[in-house]
Amino acid sequence: MSGEVTVTGFGVRTAFGMGADALRRGVFAGVPSFAATTRFDTGPYRTAMAGAAVDGPDAVEGWALRHALAECGAEALSMAGLAPGAEAAVLLGVAGDHTSVTRYWRGDGSDERCGSVVAGRAHAAEPQMSQPRAPEKQLVRGASTDTERVAHAGTAAGRERVADASPAADAERVTDSSPANTRRVGDAVPARLAELLAGGLGLVGPRLTFTNACVASAAAIIHACRLISSGRIDVAVCGGGYLVEEETFGKFDSGRALSRDGMVRPFSADRTGLLLGDGVAVVVLESAEHARRRGARPLAGVVGWGAASDAHHIAQPHPEGVGLARATRQAMRLAGDPDGAALDYVNAHGTGTKYNDGAETRGLRAAFPKRAESIPVSSTKSTTGHLLEAAGVVEFVITMLALTDGVLPPTAGFTAPDPECDLDYVPNEPRRTDPRRALTVNAAFGGANTALVLERP
């Protein structure tokens, strides 16, 4: 089955910046991205720290999720050599962009910024009219003129929509017929972001959105691999995104999951929790035959995938990592290597929380009873932070770069070992090696687990 699904392009953006080189400077160098964020008022919370992009009006609004997805998608298509108008499924893992929803409610529904702050420019609210206004065109249950247009995008329209997804274009449209105070609120609907991405890139094909928390974008990749390997599609564009915002930040803070000292130390005895981070990525997957026919350069093969749920607890993993072990075994069997004899690296979920890291260690031991101690394992959340719905696809790209560059990213901030976490965690320093196969795993609330096996071409 090796080579049946191949990766031909990607675009990625984190707090370190855009592209692979930014990941090399940050993730692969073991440099944490965490700093106090001023994106919102962190006064009510236990920490101000996050792996967020540099703050400021341009950075915050330029990082509206729709724009970041469009940027990464355009980069992925360019690398893959696919033009707008190509036939490709679009599968997105995302929970929506809730920034505008938070603004709306904080302003008692009257904050004009919820729909009109774009690219750092705050547009004034419309003046009160002394005479009744003519009826405006009504939107249908969260749909928008944007969504209506992208549903019928073709080659020429797709080229226009790539530009149309930019912050500047959004600012120009602020006076169109849709109410200014609902346009960006609509971005909280996950399916809308998939429509915008597909239409903006001019792609023709089915669109699917996955919302299953921290495995969402990994689940999108797995579903795409199933569609491609079964011959139902030739090309899939898979992505995911999360940008640090107050609603989710507040929820993790109230659950006491955020690190108390502003650092993330996965698998260390003194770990105190996770920190959230900005992450967006898009990858192009193709059948190997389709990629060969059009002369595309393969970046990696996806040779195994698995998904499983242990349904142990709404927020805690099974203490023995049962679901993770099951998903990993599925992926390794599909890759033709059930014992992991050819596996050279594991990119762990590694949140740095009390419950996850011990359970994950036991899950990996269960999946590889003969080899677990000899396989290097690292958590890149120690540098990027937890990217939630985007974790799967960003860490997929990181794992692919490890194979390409021959460098294993470290677990940054590692201090004293925990007796419950007794594997080789590549502590603090990158490791030069010659990996040919790597596994990336993710876990989510509700006991969901995913596993993906990548192979160097």
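Are tyrosine 45 and phenylalanine 249 buried or exposed? Select the two residues in this predicted model and the answer is that both tyrosine 45 and phenylalanine 249 are buried. The tour comes back to this pair after a look at the whole chain.

**The whole protein**

With everything displayed as a cartoon, the secondary structure comes to 17 helices and 17 strands. If you then colour by accessibility, buried residues make up 59% of the 457 residues in the protein. The accessible surface comes to about 17,700 Å², and carbon and sulfur atoms account for 54% of that surface. Contacts may be shown next: of those between residues at least 6 apart in sequence, 79% join residues at least 24 apart.

**The aromatic cluster**

Aromatic pairs are the next thing to display, and rings count as paired if their centres lie within 6.5 Å. By this rule the protein has five aromatic pairs. Select phenylalanine 40 and phenylalanine 249, whose ring centres are 5.2 Å apart and whose planes stand at 65 degrees; because planes over 60 degrees apart count as edge-to-face, this pair is edge-to-face. Phenylalanine 40 lies in the loop between strand E3 (35-36) and strand E4 (49-50), while phenylalanine 249 belongs to helix H12 (residues 246-254), so the pair ties together parts that are 209 residues apart in sequence. Both phenylalanine 40 and phenylalanine 249 are buried.

With the three side chains selected together, you have one aromatic cluster, formed by Phe40, Tyr45 and Phe249.

**Helices H11 and H17**

Move on to helix H11 (residues 216-229) and helix H17 (residues 391-405), which pack at an angle of about 70 degrees with their axes 5 Å apart. H11 and H17 are therefore roughly perpendicular to each other. To see the residues that make the contact, show Ser217, Ala218 and Ile221 of H11 together with Ala391, Gly392, Val393 and Phe396 of H17. Sorted by class, the contact of H11 with H17 has five nonpolar residues, two polar residues and no charged ones.

**Alanine 220**

While helix H11 is still selected, pick out alanine 220, which is found in this helix. Alanine 220 counts as buried, at 0% relative accessibility. Leaving aside its neighbours within four places in sequence, alanine 220 is in contact with Leu91, Leu92, Gly93, Phe210 and Cys238. A distance can be drawn here as well: the C-alpha atoms of alanine 220 and threonine 209, eleven residues apart along the chain, are separated by 7.6 Å.

**Phenylalanine 28**

Which part of the chain holds phenylalanine 28? Selecting phenylalanine 28 takes you to the loop between helix H1 (20-26) and E3. Phenylalanine 28 has a relative accessible area of 6% and is buried, because buried means under 20%. Beyond its neighbours within four places in sequence, phenylalanine 28 is in contact with several residues, among them Leu23, Ile398, Leu401, Ala402, Val407 and Pro430.

Note on methods
Residues are numbered from 1 along each chain as its sequence is written. This is a predicted model: local features need pLDDT of at least 70, side-chain atom pairs count only at pLDDT 80 or more; totals for chains, interfaces and linings use all residues. Side-chain values use heavy atoms; hydrogens and water are left out. Rings of Phe, Tyr and Trp (its six-membered ring) pair if their centres lie within 6.5 Å; planes under 30 degrees apart count as stacked, over 60 as edge-to-face and the rest as tilted. Helices (H or I, at least four residues) and strands (E, at least two) are DSSP runs, numbered from the N terminus. Buried means under 20% relative accessible area, exposed over 50%, partly exposed in between (1.4 Å probe, protein chains only). Contact means heavy atoms within 4.5 Å. Accessible areas come from the Shrake-Rupley method with a 1.4 Å probe; for residues, only the protein chains shown count as cover. Axes are lines fitted to C-alpha atoms, for helices over the stretch in contact, and angles run from 0 to 180 degrees between N-to-C directions. Angles under 35 degrees count as roughly parallel, over 145 as roughly antiparallel, 65 to 115 as roughly perpendicular and the rest as oblique. Ala, Val, Leu, Ile, Met, Phe, Trp, Tyr, Cys and Pro count as nonpolar, Asp, Glu, Lys and Arg as charged, and the others, Gly among them, as polar.
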